[in-house]
Amino acid sequence: MVLVYVVTGKISDLAMPPVAAAVRADELWRHTCFEAFVRSSSGPEYYEFNFAPSTQWAAYQFSSYRSGMRVATEINAPRIAVETSSERYVLQASLELDQMLTSPKSEGGNGRSAIWCLGLSAVIEETSGPQSYWALAHPAGRADFHHSDCFALEVT
């Protein structure tokens, strides 16, 4: 699966760390970070992927909503590429979904494909300090990318 995140505007106003070694790192979501939450349509388990502008990354698995978190060591490093200009920033992340332990199963011989539910989101930090939270869908109230309402995109 290839995910492409595009930010437009005055990119120099955003806190974007320089590209560095593409290594696994924790707490990337505390600063500008692009995220993907992926689960099978048939269960509560899900994965969280973090992709930083530096090309650092993280992968976690949760047994259910915000619980049972563990580092997803079965996930290999995604391929991350970034492009930037004064008014456009693009981060592309390529994931191998067959590595995931919660792969969706085909629905009992009826020929229908398995379904992945995705929540795509971003934390954008400005150089002046404020952060904003972006997602395909948000639950009512405070932003919470782990909430089931955020898993708004279905992929077969």
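Start with the largest nonpolar core of this predicted model. It has 27 residues, and Phe49 and Phe51 are those with the most contacts inside it. The largest share, five residues, comes from S8. In general terms, nonpolar side chains in soluble globular proteins tend to be buried together.

**Stop 1: Phe49**

Select Phe49 and show its surroundings. Leaving out residues up to four places away in sequence, Phe49 touches Phe34, Glu35, Ala36, Val38, Ala58, Ala59, Ile75, Leu95 and Met100. Then look for another core, which lies apart from the largest one. This other core has 14 residues, among them Leu28, Ala52, Ala58 and Cys117.

**Stop 2: strand S3**

Select S3. How many of its residues are buried? Six of its six residues are, and the strand is mostly covered. In a regular strand, side chains alternate between the two faces of the sheet. Check each side of S3 in turn. Tyr46, Glu48 and Asn50 are buried on one side. Tyr47, Phe49 and Phe51 are buried on the other.

**Stop 3: the neighbours of S3**

S2 and S3 pair in the antiparallel sense over six bridges. Pick Glu35 to see one of these links: its bridge partner in S3 is Asn50. Follow the chain between the strands, where a hairpin of five residues joins S2 to S3.

S3 and S4 pair in the antiparallel sense, over six bridges. Phe51 stands opposite Trp57 in S4. Five residues lie between the strands in the hairpin of S3 and S4.

**Stop 4: aromatic rings**

Show Phe, Tyr and Trp side chains. A pair of aromatic rings is described by the distance of the centres and the angle of the planes. The model has 11 aromatic pairs. Go to Phe34 and Tyr89. Are these rings stacked or tilted? Their centres are 5.9 Å apart and their planes are at 10 degrees, so the pair is stacked. The cut-off for stacking is planes under 30 degrees apart. This pair links distant parts of the chain: Phe34 is in S2 and Tyr89 in S7, 55 residues apart. Phe34 and Tyr89 are both buried.

Now move to Phe37 and Tyr46. Here the ring centres are 6.4 Å apart and the planes are at 45 degrees, so this pair is tilted. Phe37 is buried, and Tyr46 is buried as well.

Then turn to Arg39 and Phe151. The charged end of Arg39 sits over the ring of Phe151, 4.9 Å from the ring centre.

**Stop 5: the three-stranded sheet**

Hide the side chains and show strands S1, S7 and S6. They form an open sheet in the order S1-S7-S6, with antiparallel pairing. S1 and S6 (79–84) are the edge strands, each pairing on one side only. The twist averages 10 degrees from one strand to the next. Zoom in on S6 and S7, which pair in the antiparallel sense over six bridges. Pick Ala81 here: its bridge partner in S7 is Gln92.

**Stop 6: Leu14**

Go to the loop between S1 and S2 and select Leu14. Its relative accessibility is 15%, so Leu14 counts as buried. What does Leu14 touch, not counting residues up to four places away in sequence? The list is Val7, Ile124, Glu125, Glu126 and Thr127.

**Stop 7: Cys33**

Finish in S2, at Cys33. Is Cys33 buried or exposed? With 0% relative accessibility, Cys33 counts as buried. Leaving out residues up to four places away in sequence, Cys33 touches Leu28, Asn50, Phe51, Ser121, Ala122 and Val123.

Note on methods: Residues numbered from 1 in each chain as written. Predicted model: local features only at pLDDT ≥ 70, side-chain atom pairs only at ≥ 80, totals over all residues. Heavy atoms only, no water. Core = buried A, V, L, I, M, F, W, Y, C linked by side-chain atoms within 4.5 Å. Buried < 20%, exposed > 50% of the residue type's maximum accessible area, 1.4 Å probe, protein only. Helix = DSSP H or I, 4+ residues; strand = E, 2+ residues; numbered from the N terminus. Contact = heavy atoms within 4.5 Å. Pairing = 2+ DSSP bridges. Phe/Tyr/Trp six-rings, centres within 6.5 Å; stacked < 30°, edge-to-face > 60°. Lys NZ or Arg CZ within 6 Å of the ring centre and 35° of its normal. Axes fitted to C-alpha atoms, helices over the stretch in contact; angles between N-to-C directions.
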